[in-house]
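The sequence and the model come before the comments.

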Amino acid sequence: MKKWFSSLSLSLFVICFICSNTIFAQGLVDHSRLSTTPVPFSLEGSYEYYVKFDSNRVVTVEGIIINSANLTVDLEFIDPSSGYTLIKTLQTPLNAKGYFKVVTEPLDISVRPIVEIQSPTGARYGTVDTEPGTLLKKYESSLEYDQTKSSIDSTKTREEIQDLKNRLALGDRVTYSVDSNGQLWAWGSIPQALCDSSKVCNSTAPKKITKFKNVKQIAANYSTAAVLTTKGEVYLWRHNISSPILMKELQGAVQVQVGGQGHGMVLKKDGTVTEWVLPFNEPYHDVYETDITKAQIKTNQVKGLKSVTKILIGLSFYGDSYLALKNDGSVWAWKDVSVALSYKQKGKSTDTGILQHVLASTDNPQELKGFPKVMDIGSQDAGPLLLTEAYDLWGYTDTKDKKVSLPEKVASGVISTFQNMRYVMKEDGRYYQYEAAGKQISNDPFTPFNDYKIIASGTTWINNSLHYAGVKIDGTLMSWGGNNGGQLGIGKTAALSFAVNHIQSIKDPIALSANSGHVLALNKQGDIYGWGSNKEHEVKSGSTEDVLAPFKITTIKSAIQVAAGNEFSLALTKEGKLYGWGKLTRLGAAADSDKPLPLDLIQEPIKEIAAYNKSVVIWTSSGKVYHLGEWGSSNVTKNKNLVWQVNISDVISVGVSNDRGFAAKKDGSVWYWSGPKKEGTITASKISGFSGITKVFAGGDSFNGDTLIGIDKNKGLWRWNSSQSFVSNIRQKPYRATKTYVGPVKEKLDYSTVSTTGRLSLYITTQKELLYEGKSMGRLLEQDGGNKNVTAIAAYGENYYWVSKGRLLTYGSSNNAGELGIGTKGWYEEPQKVVAATKLF
């Protein structure tokens with residue numbers, strides 16, 4: 001099966017599949033460019049590839065392996081800082097000339113990705129060049145592309161495509177559809193304005209909305225949506241509108257558009273355009289929490305616009321871009337014009353490492369010059385995409401040294417663009433990748449869309465929530481991506497409830513560990529459970545499918561600790577014996593294992609272990625310290641040996657993060673070590689500023705570096721971060737949540753245990769109260785006493801795990817592989833059929 005989508009957390013690992021396949025990903029805006037250094041690389045034949053990372057965070061990988069026709073290889077993108085594995089690697093063949101190309105959607109990365117190419121004979125690693133090399137240039141003109149005929153009838157008209165676009169709209173965790181009878185359906189996080197008398201809104205399958213009849217068009221963006229009826233009526237709603245508002249000032253509309261900020265516009269029968277403006281102006285998120293009334297919504301006719309035939313609102317990190325097409329073929333733009341009018345500006349140079357347009361906005365429509373007569377308008381990343389009467393696609397392409405975009409023809413034979421999607425349809429009925437601000441579309445079609453009439457994308461500011469939909473030739477509606485509001489409509493329980501989850505299947509839990517996509521739990525009977533990513537059998541044998549609910553892995557009656565790493569799992573007994581399963585070769589074992597087995601990597605009893613991503617730190621009963629595994633910021637270990645002894649003594653506590661191991665000594669000092677320069681031993685260095693430390697806890701991510709939190713002999717808290725390099729007292733930094741107060745603790749508390757990822761931290765006080773830093777849980781913590789009598793904690797990614805009153809509780813927004821343990825996952829890479837009671841298309 002082909003992988004389709006991958007969601008992004010701040011620390012990202014993306015697996016790319018090659019040839020005709022493309023990954024899609026969601027993420028926060030980050031305009032940084034990746035610096036690159038060419039590194040020699042070879043496989044079975046002459047080989048080269050390059051990676052381009054543009055200002056929109058889109059990554060293009062293109063390469064060729066000579067004399068390797070139909071070779072099966074894996075191509076992976078890995079976050080160098082975390083090495084976090086998010087989805088499974090997919091094996092994919094090269095084409096007949098050994099060529100491959102991958103173009104991603106914008107990715108949430110801020111450091112140069114590591115690219116791993118793995119062939120059947122073994123893996124090679126390395127960073128890559130930034131421009132095509134000699135082999136690619138030589139074979140560029142002769143590359144053989146997959147010419148499989150699309151099953152879409154190439155005679156399908158643009159009018160049919162436009163009709164389908166008018167009937168399908170995706171917002172923030174909600175999907176809308178209009179059937180052939182003009183009936184509106186909705187599923188996912190349906191706004192209260194559309195609720196019936198029962199006030200039950202959310203639905204995991206299409207739900208009939210009875211408030212409107214004879215709907216002609218549905219438009220949606222984020223939490224705002226509007227319908228246009230066959231009578232020319234426009235109804236508007238959003239999350240803080242109690243009931244749909246009939247906008248009488250918009251009567252006579254023939255088209256409606258909704259922007260990312262909730263504002264919008266309509267095109268009227270007479271060719272004029274009227275806007276509406278909501279009573280706030282905050283981009284893309286809902287700061288106006290009180291109900292909006294009809295009286296607060298302002299409308300005005302856009303001056304200077306007549307004879308308009310089509311309108312469109314494009315979205316980007318610059319703002320909403322309003323477009324209007326006139327009957328003379330001219331296109332006019334207003335609101336955000338940072339791209340469209342950048343040719344009038346000096347631009348911003350790339351020498352700062354940040355490349356973006358100079359922000360520009362106007363309320364007066366500006367004609368876009370330099371284009372032939374236009375018959376249709378689209379938008380991608382705030383840049384207009386214009387189709388001419390000759391079916392040529394025109395857009396704005398970036399200049400090399402400045403963020404200035406100029407009108408230029410991109411491709412011929414294009415019949416349609418798709419809002420918020422990086423694809424166009426050509427006259428052969430197939431979909432082709434369009435590179436934002438680029439000068440061409442892909443040479444080869446994206447074959448997974450071969451039998452789709454249209455495709456659409458949602459909009460959201462909630463992590464791991466972006467979703468997509470498409471209508472197939474036979475009328476089947478498919479959806480994929482985020483499902484944390486039930487927005488996929490697949491009839492399954494929403495993957496995230498945004499509430500504390502009680503995992504009832506595990507009784508008497510005493511220890512937890514979370515890392516790199518999977519979670520481990522140990523109970524007092526010695527039963528070990530796991531759930532989440534299972535790519536390397538780190539949870540269960542027999543399959544590599546994600547495990548969505550706790551699975552009993554084994555029973556080790558004398559087990560006292562579990563540790564989850566990147567694709568491996570560990571358990572430690574009170575006798576000091578270490579067990580492991582999953583990708584154990586990452587730690588220096590002779591072979592991987594799909595079930596727990598004793599590890600003899602350290603030839604003496606073990607007292608404590610700490611795992612984080614690809615590394616494990618071991619403290620033995622004799623006081624020795626060992627560091628096992630690869631190092632977090634590199635997928636490459638130059639040393640053949642993966643077991644190092646750390647040159648340190650008198651240790652009383654150990655920890656490990658992405659790039660460093662840590663230890664506290666008997667004298668209260670704290671030491672760290674990083675990647676070894678030679679095999680065998682590692683030298684530790686002292687961190688100045690610590691004193692009296694008795695316990696250390698570590699974590700980290702690619703944005704904040706490595707973080708160490710220490711508890712001193714007086715039960716106080718101290719923090720050190722690699723990007724700041726100083727020690728600070730944080731005894732009163734953790735947050736408390738009660739019925740009357742959510743905020744930092746006000747009194748001096750004593751602490752016993754910490755779990756940290758750098759950005760997120762959980763704390764247990766000596767009174768067994770749970771406190772936190774980072775992702776807010778607000779008053780969720782005190783529900784059913786969930787912040788009292790806490791005995792075990794773990795934090796990783798965007799999730800918290802803890803044991804309160806003997807109950808295992810989970811909370812968070814990272815659930816791509818089932819990490820929350822609630823039986824469903826929050827992200828579906830492959831298209832799922834929408835379960836509807838009636839035919840929608």
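The points below take up strands, a helix, nonpolar cores and aromatic contacts in turn.

1. The model is predicted. The remarks that follow should be read with that in mind.

2. Strand β13, residues 184–188, has 5 of its 5 residues buried and is therefore largely enclosed by the rest of the structure. Strand β12 (residues 174–178) pairs with β13 in the antiparallel sense over 5 bridges, and Tyr-176 has Ala-186 of β13 as its bridge partner. The two strands make a hairpin with 5 residues between them, and Gly-182 in the turn has a positive phi of about 80 degrees. β13 is also joined to strand β14 (residues 203–209) by 4 bridges, again in an antiparallel arrangement. Here the bridge partner of Trp-185 is Lys-208 in β14.

3. Strand β44 (residues 578–582) is mostly covered, with 5 of its 5 residues buried. Which residues lie on each face of β44? Leu-578, Gly-580 and Gly-582 are on one side, Tyr-579 and Trp-581 are on the other, and all are buried. Strand β43 (residues 568–573) runs antiparallel to β44 and is joined to it by 5 bridges; Ala-571 stands opposite Tyr-579. The hairpin formed by β43 and β44 has 4 residues between the strands, with Gly-576 in the turn at a positive phi of about 90 degrees. Strand β45 (residues 593–599) is antiparallel to β44 and connected to it by 4 bridges, with Leu-597 of β45 as the bridge partner of Gly-580.

4. Strand β17 (residues 234–237) and β18 are antiparallel and share 2 bridges, and Leu-236 stands opposite Ile-245 in β18.

5. Helix α2, residues 158–166, has Arg-158, Ile-161, Leu-164 and Asn-166 buried. What do the buried residues of α2 pack against? They pack against β11 (168–170), β15 (215–221), β27 (374–380), β31 (414–417), β32 (423–426) and β34 (452–457). Within strand β31 is Ile-415, which counts as buried because its relative accessibility is 8%, under the 20% limit. The C-alpha atoms of Ile-415 and Met-425 are 5.8 Å apart, although these residues are separated by 10 places in sequence.

6. Thr-362 belongs to strand β26 (residues 361–367) and is buried, with a relative accessible area of 17%. Its side chain reaches the backbone nitrogen of Asn-364 at 3.1 Å. Not counting residues up to four places away in sequence, Thr-362 touches Trp-334, Lys-335 and Val-337.

7. The largest nonpolar core has 34 residues, and those with the most contacts inside it are Leu-512, Trp-531, Val-625, Ile-648, Trp-673 and Leu-808. A second, separate core of 29 residues includes Val-471, Trp-480, Leu-840 and Phe-841. Neighbours within four places in sequence aside, Ile-648 is in contact with Gly-623, Val-625, Ala-663, Lys-665, Trp-671 and Ala-684.

8. The structure holds 21 aromatic pairs. Why is the pair of Phe-212 and Tyr-235 described as tilted? The ring centres of Phe-212 and Tyr-235 are 5.1 Å apart and the planes are at 55 degrees, so the pair is tilted. Phe-212 lies in the loop between β14 and β15 and Tyr-235 in strand β17, so the pair ties together parts that are 23 residues apart in sequence. Phe-212 is buried at 3% relative accessible area, and Tyr-235 is buried at 18%.

9. Tyr-468 and Trp-480 form a stacked aromatic pair, at 6.3 Å centre to centre with 15 degrees between the planes. Tyr-468 lies in strand β35 (residues 467–472) and Trp-480 in strand β36 (residues 477–482), so the pair ties together parts that are 12 residues apart in sequence. Tyr-468 is buried at 2% relative accessibility, and Trp-480 is buried with a relative accessible area of 0%. Both residues belong to one aromatic cluster, which also contains Phe-418, Tyr-423, Tyr-431, Phe-446, Phe-449 and Tyr-452.

10. Two lysines are placed over aromatic rings. Lys-165 lies over the face of Phe-418, at 5.0 Å from the ring centre. Lys-540 lies over the face of Phe-551, at 4.7 Å from the ring centre.

Terms used
Residues numbered from 1 in each chain as written. Predicted model: local features only at pLDDT ≥ 70, side-chain atom pairs only at ≥ 80, totals over all residues. Heavy atoms only, no water. Buried < 20%, exposed > 50% of the residue type's maximum accessible area, 1.4 Å probe, protein only. Contact = heavy atoms within 4.5 Å. Pairing = 2+ DSSP bridges. Polar contact = N/O pair within 3.5 Å; in protein donor to acceptor, adjacent residues only side chain to side chain. Core = buried A, V, L, I, M, F, W, Y, C linked by side-chain atoms within 4.5 Å. Phe/Tyr/Trp six-rings, centres within 6.5 Å; stacked < 30°, edge-to-face > 60°. Lys NZ or Arg CZ within 6 Å of the ring centre and 35° of its normal.
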